[in-house]
Amino acid sequence: MSDEIEVNATSKYKLDYIVTEGKQPPPEIHGDVFDRQRVMKNFDQQSVEQQHVFVLGVGGIGSSIAMSVVRMGVDTIYLLDRDFVDASNLNRQILFSLLDIGKSKVEVAAQHLKCIHNLRTNIYDYHMDAVTNWFCVVEIAKKCTVIFNNIDYGAVFDYAVNSLCKSLGILYVAGSTYANNIEINLFSGLLNDPCWACNNNTNDSFKFNIEEIENRNDIQLLLKEICCISGEQAQSIIEECSRELNLHQPSVLQLSTLFMPLYQHKVLKLLLPQSIQRHQSIEFIPKDRSFPTRTVGSWIGVCVSGACLIVNTWIQYLMKTKNSNSDPNQSFHNWSQLNLSMFNGGYDTVGFPNEQTLQCCPICSNAKQIAEQTSHLEKDIST
C-alpha cells in the first residue's frame, strides 16, 4: 500500500476529535481516507471504527447496507445468507453481476466488498440458513454491536432476532423496501427502551385461510407444507398442544381457535430473552406466506436509497448517544416510512418514537425480570 494512503489514521494519530458547531477541524492528515466524514459536524469516526456489524441477508437491502458500512470503515462485518444470485436480482442488488448468476450471494458479496469497497474492515461470510443454524446466528451476534435484519422470513423471525438483540443489549435495525416504499426500524436493545415487539405482533403468522386447512388431518404435515414448520422441537410442541387440548384430529374451527393460539403461545415463550440463545435451530417458527416481489416490483432506487437511509438512521442514533450536546429528552424515531413518488418528484415521510409497553410486550418484561433476578443474585453473593 502506498504511503500516501492512510486507512488507520484514527488510531495511528489518535484522532478522537469531534467537530462541533462553530469549530474548525485540526489539519488534515495526508492520505486519510475517512477525512471527509471525520470533519462533519458532531460526527464520531472513532465510534464508527469500533462497530462490529452483523448483516442478516445480503439481497436488495443487505448488499447496499454492507457496502455502506464497509465504506464507512467499521471494524468488522459478518454477512449471512442462504440464497444464490438469480437473474432477477441484478437490477437492484449492487454487489452482483451477470457473471455471478448461480453463485452464493454471500460469498460473492464478500468477494466484491474485499476487492472494490473495503478500506479497513474485517469481512466474514457465512453461506447458511439462519433458521436452521440459529446457534451460529447467536454466536456471531455475541461478537457484534448491531444486527441489520434483512431476511424476509416473517414476523416471528423478526421477533426472534429482536429478542436476541434485547438479550445481548445490542442494536436491532431492520428495513424493508418494495415498489417505491421504504420502512425503517431501529431499537437500541437497552433495558428501558422499547423493542420491536412493543408495537408489533405475530398473530397473522399463526393464522390460516379456510381453504388452506380444509380436509387436512395431519397437523404436522399441514404446518410443514404451509409455513415450513419442522424439526424435533416443532414435533414436541405439536404433541404437547394436542395432548393439552385433547385434540388429535381437530376440526377447521378447533385448529384456528384452539390449537394455533396455543402453539403461538408456546413458540413465543421459547423466543423470550431468557431462552433465545439456547436453541440450535428455530425451525419451529412459521414462515409468513408473503407476497412475491414480482407482485409489486422493486428497483435500484428504492433498494439503494432505502439501505442508505437505514444506515443513516443507525449512524444518527450512534452520533446522538455520543454527542454531549444532544437533548436527552428528544425522542428518537424508532419507526420511519418513506414513499418515493416517481411522478410528482415529491417524497412522503412519516415517523415516530415508540414507547415501551411492559404490560403488552413479553420481551421487554422478560428482559427486566432477568435483570432483576441477576441484581438480586449479585446482592446475595456480595453479602
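The C-alpha centres of domain 1 and domain 2 are 33 Å apart. Domain 1 comprises 34-203 + 269-276 + 297-324 + 332-381, and domain 2 is 215-261; such bounds come from an automatic or database domain assignment. The model is predicted, with local features needing pLDDT of at least 70 and side-chain atom pairs pLDDT 80 or more, while totals for chains, interfaces and linings use all residues. Residues are numbered from 1 along each chain as its sequence is written, and side-chain values use heavy atoms, leaving out hydrogens and water.

Consider helix α9, residues 219-227; helices here are DSSP runs of H or I with at least four residues, numbered from the N terminus. I219, L222, L223, I226 and C227 of α9 are buried (under 20% relative accessible area, 1.4 Å probe, protein chains only). These residues lie on the same side of α9 because they cover an arc of only 95° around the axis, taken from the directions from the helix axis to the C-beta atoms. An α-helix has 3.6 residues a turn, so residues three or four places apart point the same way. K224 and E225 are exposed on the face turned away from the buried side of α9, exposed meaning over 50%. The cover over the buried residues includes α8 (210-213), α10 (232-245) and α11 (252-270), with contact meaning heavy atoms within 4.5 Å.

Another pair of helices is α6 (residues 134-141) and α7 (residues 155-168), whose axes come within 11 Å and cross at roughly 35°. Axes are lines fitted to C-alpha atoms over the stretch in contact, and angles run from 0 to 180 degrees between N-to-C directions. W134, V137, V138 and A141 of α6 meet F157, A160, V161, L164 and L168 of α7.

Terms used
Helices (H or I, at least four residues) and strands (E, at least two) are DSSP runs, numbered from the N terminus.
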